[in-house]
Amino acid sequence: MRLINNMAEKIRQGIRSFLQIEPAQGNVVHIQEVMDYETNAIKNRIWYRGESEELSALYKSVNVDSTMFWKAVPTVGREIRKIHTGLPGIIVDILTSIVIADMNDISVSEKQNEWDAIVEDNNFSELAADAITETLIIGDGAFKFTINTDISQYPMIEFVSGENIEYKRQHGRVIEIVFKTLYKANFKTYELEERYGKNYIITKLYDHNREVPLNTIEELSELPAEVTYNGDFIMAVPFMIFKSSKWKGRGKSVFDTKCDNFDSLDEAWSQWMDALRRGRSKEYVPDTLIPRNPATGEPLKPNAFDNQYIQCEGGMGEGENNKVELIQPNIPHESYLATYITALDLCLQGLISPSTLGIDTKKLDNADAQREKEKATLYTRNKIVEAVQNTFPDVVNVAIKTYEVLMNQPVTKQTVDIPFGEYANPSFESQVETVTKAKQGGVMSIEASVEELYGDSKDKSWKTEEIKRLKEEQGIVGMEEPAVNTEGLNVSEV
C-alpha cells in the first residue's frame, strides 16, 4: 500500500514539473489616429456639401488608404469621371425635415408670451432645423445666448457646431463651454474665445496662442472682456444626439463609420457610368457608302445629333462587300445594379429606410412591406426626438432666464412641454379599420381608441369632448351609484 502511495506521489510531482503555465505578457499596441475631432468634422461637412471636386481635394490632402476611390489617382490616359451620388446630404436633410415636421408648438408653464416673443424674434423653427442638421453632420454643438439691445430687445440665440466648440468638464458635468471664432485683420488670423460659465462670460483674443487686447480688431473693441450676471446658469446649452465612442464627451456624426460605404457607392456608380460611356454604339461606314453632297460630291461631315459615324476603308472592286456595320457592346447591367444596390444597403443600414428617400429597390413590395422598411427610419427619428425633448426644454429655460436677466427680473424655472406628432402611421382609413376591429373584439376602450387615432394631433380637451360625444351616441351613460340610507341603523347592521 505504501508503495502504491509513493508511486502516485511521484506521478503527481512529474505532472507538476511537466505542466508549467506562464502568465501572459502585457503587449502595448500603438495606433496612430488619422484625424482629430476638428479634421473629422471638416471631412463630414465636405461629405454633406456633396461637391465631387471638394471630396477629391479632401482625400488627396489627408493620410488615408491610397486605394480609396476618392483618394486614388488613375493612370494617365485611363482617367474616369468620379461622380458623387449626393446621398449623405439627402439623408441628413430628410431626417431633419421628418423631425421638424412632427414637432408641435412648445408650451411653457408660466411665461408663454415671453417665449412666443423670443421664438418670433429668433425664428426658432429654422434655428431648430439648423441645430439638428449641424448635429447630425458634425456630432454635437451648442446653443449660444447673447444680449445686445442695439440689435434686439430679446436674447439672441445662435447654434454653433462642434468644430468651433470646446467643453470643460468636471466629474462628467459641463462647467464651461468655449466658443471659438476666427477673425482676419491686419493680414493675420486671430481666434476669439468666449468662455461661457455659470454667472460669467469671459472673452479673450489670441494671436497664435498669444493673448492680445480685444481692440486689436476694430469690430471687437467695444466687446467687454468679462461679464457677470445674476442666476446660477450658463447662457449656453450643449446639444448631442449620438455619443462618440472615439472622442469621450463628444457627439457622433451619422457619417462616422459610413464614409467608406459612401466611397464604395460612388465608385460603383462612377464605374457603371464609365461603362455606359465606353459602351456607346459605334457605326462603321465604308468610304464608298459615306453620305455625300449631291451638288459637289464631297462627304458630308458627321453630325453629333443625327449623322454620327466612323469612316472605314471600303473597295469598289468586283466581289467587294461594302456594308454599314453597327456595333453595340454588351454592358452587364444586372451585375452593376446588384453592386449598386448592395453598396446602397450598406450606406443606409441601421440609419434610414430606402423608401423614406423615395428609393424602391423591389418594385413588388406591398404597403405592409413598405411600412416595415420604415422601421429603420423610425428608430433613428425616435433617437433624434428623444435628444430634442431632453435638450430643448433647457434651451427654452435658458432663453427665458436670459430675458429675465436682461429685464432685471428674478430668475425662474419653467415647465416645458415639446409634443411630437405621429410618424410612419398607415393611412387614416386603415387605422380606423384596425382600431374598430380591436374595439369590437373587446380589447380596446373608447378612450384608448381615441388616443390611438389622434395622438398628439389633438389636444387633451378636444379628445375628452370626443370621448363624451362617442359615449352619448353609443348610449353609454354613466350612472351614479345608488345611496344607502344608513340613518338609524347600527354599524354592524350596515
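I began with strand β6 (residues 188-197) and strand β7 (residues 200-207), which pair in the antiparallel sense over seven bridges; two strands count as paired if DSSP finds at least two bridges between them, and helices (H or I, at least four residues) and strands (E, at least two) are DSSP runs numbered from the N terminus. I noted that the model is predicted, that local features need pLDDT of at least 70 and side-chain atom pairs pLDDT 80 or more, while totals for chains, interfaces and linings use all residues. Residues are numbered from 1 along each chain as its sequence is written, and side-chain values use heavy atoms, without hydrogens and water.

I looked up the partner of Glu191 and found Tyr206 in β7. Two residues separate β6 from β7 in their hairpin, and Asn199 in that turn has a positive phi of about 75°.

I then followed β7 to strand β8 (residues 210-212), where the pairing is antiparallel over three bridges and Leu205 stands opposite Val212. This hairpin also has two residues between its strands, with His208 in the turn at a positive phi of about 55°. β7 pairs in the antiparallel sense with strand β9 (residues 226-228) as well, over three bridges, and there Ile201 stands opposite Val227.
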